[in-house]
Amino acid sequence: MESEVETEVKPKTALQVNYRKSIVKKLLFITFCLVVVIIVAGYSATIGSYYISVEDVYGIIWHRITGMGSVDPTAYYIVTELRLPRIAGAIVCGFGLAVCGAAMQSMMKNPLADPYTMGISSGAGLGAALAIILGFELWAGAGIVVNAFIFAIIPAMVILVMSQVRRATPTMMILCGISLMYVFGAITSLLMLIATPDDLSAVYTWSVGTMSKVSWDNLPIMVAVVTAGSLYLQYLANQLNIMSIGDESAKCLGVNVERKRLVCLMVITLVAASIVSFTGIIGFVGLVCPHIVRMAIGSDNKFLIPGSAIFGSTMLIVADMIARTIVAPTILPVGVITACIGGPLFMYLILKSKKEVW
Amino acid sequence: MLMNVEEISFNYGTTEILRNVKFDLNEPNLTCIIGPNGVGKTTLARCVNRLLRPKCGKVMLSGVDTKDMTLRELAIHMGYVPNVSGDTFPMSVVDTVLMGRHPRGGWTPSDRDLQIVEDTIKIMGLEEYAMRDFNELSAGQHQKVMIARGLAQEPEVLILDEPTSNLDVRHQIEVMELLRELSREKKILVLMVCHDLNITARYADRIIMMSDGGVFSDGTAKEVMTEENIMKVYGVRTKVIEVEGRPHVILLSTVIK
């Protein structure tokens, strides 16, 4: 046996073999999650007051994409117009938030960072509250969405301006984001005081996040921004790895940390803001998915980012399915489900995990 | 490769740390910077590798001002091994050392990259930890991984900030011998900030002794490590004897100034 290995022209060394093997393991995890997403997505589309079988759902999706086969028009309408946008929304939203979370944690060297660390959520919340309560719209007629988006990116802009004066260290950025979060939160609370009960309820509903406003009209924007942002962050995976080991080391390895961090912050903000402004604030996915995936496949961002992305989709699609079914026909806010199920699950994983993960 | 440090001055706020520091490294060997605490050794190392921007003066690499290089270009020529490295997200030793290939590497590591990583891991005697998490290792092992990462960069100038501070005697000696050997073998200019007078005296090809933000004495171990110099710079009374052709410092007592 061993002599055979030796006769090879250039035998791969143990380390090379091990390294490549560990990559295969990581890819397997990602593939597994991907399969789960496809299955759950199909199954999720069968659930609802009107019964449609799993085969019919895939048939309808196939019909929608290729135009082949014949389908029941009622079922077709229900699946493509009512259920699929929601499911697609959950996939895109989970995908984007988890990618942002993974990138944010690496570049901030902080396991507590998530897409909302920079005050994106409270900014969006304020924007939404302004539109709902005061009827103030930055872009007349656009309603909550544009308001939420613009206010969500304000913190990043403030940090960008401040970075001209002071070095943009992770601590500076986080502290800055948190103080803006309090300011936005305070103004929102103030607005709530003068709001009518109906508006109050609307603001509240918006702030817990829902997939019900996702439609074929707004999905393309979300998909475009999330795809572009994720691809860019994936492209930066090596640099994100290097940023996570500290600024000094990173600079000496040729990464212009401060500039790259600002660029990443802008990309993350755009992605998260484009999601938040359509779905409201869905918490927990961005924070927890990267950690769970890190437990499974380690913290190399080349795999962590796609892994978190797919896992985020899985988590949100499952959460949304539960939100629709647990007290049907009432649909619960998906953010409530992600936190209620994700929280205990995450704590369980922390207890169970053998390795020190961070 | 030649490196010229030209008249570097540096202030933290209004406190002057470095004043017109000037030296050239023109042959691949092990050069150590020594001096008492707070004299600016680490600051000097950081000015040289551009982590800090000197108030005035410049660093030339083979005639090119490092200020005109991108960080990536600089990282191809110059490696840096920091003194401490905080805990981060879990990364295997291989992944950590592999980061050293980043300035030269592509998006995915090539077989050559992995080969270099494996070689440096072997040189540093870290084989059995290769797939372990960096965070699980001891402080001494961390230092060795950091040195491995610096070597994986294949730099022409390697700057180390007290690379032996967490190592036991045996590993200190190993690392010093290794660095001296590598400097000759791979033609690397090794510049190292060091604290231990005897380790320095034993292994350094050249010693730059700093005092009061400037170069106090610069030369071979025999020229620099004298009772008089140590007295002036550290305020410590010593006896310097010769062991195997190298000066050896025996500490006697401090001197009340």
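1. Start with Trp62(A). This residue sits in helix α3 of chain A, which covers residues 54-66. The model is a predicted one. Set aside the neighbours within four places in sequence, and Trp62(A) is in contact with Gly67(A) and Met68(A).

2. Next, look at where chain A meets chain B. How many residues does each chain bring to the contact? Chain A brings 40 residues and chain B brings 36. The size of an interface is often given as the accessible area lost when the parts come together. Here the area buried between chain A and chain B is about 3,200 Å². Carbon and sulfur atoms give 61% of that area. Three residues deserve a look on the side of chain A: Leu15(A), Cys252(A) and Leu253(A). They supply 20% of the area that chain A buries against chain B, more than any other three residues.

3. Now the polar side of this interface. Between chain A and chain B there are 11 residue pairs in polar contact, counting pairs with both residues at pLDDT 80 or more. Which elements give two or more residues to the side of chain A that touches chain B? They are α2 (14-44), α4 (73-108), α9 (219-235), α10 (237-243), α11 (247-252) and α13 (285-297) of chain A. The most comes from α2(A), with 7 residues. By type, the residues on this side of chain A are 13 nonpolar, 17 polar and 10 charged.

4. Turn to salt bridges. Side chains of opposite charge can pair when their charged atoms come close. The structure holds 21 salt bridges over all chains. Across the interface of chain A and chain B there are 2. Arg20(A) and Asp111(B) meet in a salt bridge through their side chains, at 2.8 Å from N to O.

5. Inside chain A, find Glu258(A) and Arg167(A). They form a salt bridge, with the closest N and O atoms 2.6 Å apart. This pair links distant parts of the chain, 91 residues apart. Glu258(A) is in helix α12 (residues 257-279) of chain A, while Arg167(A) is in the loop between α6 (144-162) and α7 (170-194) of chain A.

6. Move to chain B. The side chains of Arg184(B) and Asp205(B) meet in a salt bridge, at 2.6 Å from N to O. Arg184(B) lies in helix α6 (residues 169-185) of chain B, and Asp205(B) lies in the loop between α7 (197-203) and β9 (206-211) of chain B, so the pair ties together parts 21 residues apart in sequence. Is Asp205(B) buried or exposed? Asp205(B) counts as buried, because its relative accessibility is 18% and the limit is under 20%. Arg184(B) counts as partly exposed, at 40% relative accessibility.

7. A second pair in chain B is Lys222(B) with Glu242(B). Their closest N and O atoms are 4.0 Å apart in a salt bridge. Lys222(B) lies in helix α8 (residues 221-224) and Glu242(B) in strand β11 (residues 236-243), both of chain B, so parts 20 residues apart in sequence are tied together. Lys222(B) is partly exposed, with a relative accessible area of 48%. Glu242(B) counts as exposed, because its relative accessibility of 55% is over 50%.

8. One last item in chain B. Which residues are linked in a network of salt bridges? Arg101(B), Arg112(B), Asp113(B) and Glu154(B) are linked in this way.

Key. Residues numbered from 1 in each chain as written. Chains lettered and ligands numbered in written order. Predicted model: local features only at pLDDT ≥ 70, side-chain atom pairs only at ≥ 80, totals over all residues. Heavy atoms only, no water. Helix = DSSP H or I, 4+ residues; strand = E, 2+ residues; numbered from the N terminus. Contact = heavy atoms within 4.5 Å. Buried area = accessible area lost by both parts, 1.4 Å probe. Polar contact = N/O pair within 3.5 Å; in protein donor to acceptor, adjacent residues only side chain to side chain. Nonpolar A, V, L, I, M, F, W, Y, C, P; charged D, E, K, R; others polar. Buried < 20%, exposed > 50% of the residue type's maximum accessible area, 1.4 Å probe, protein only.
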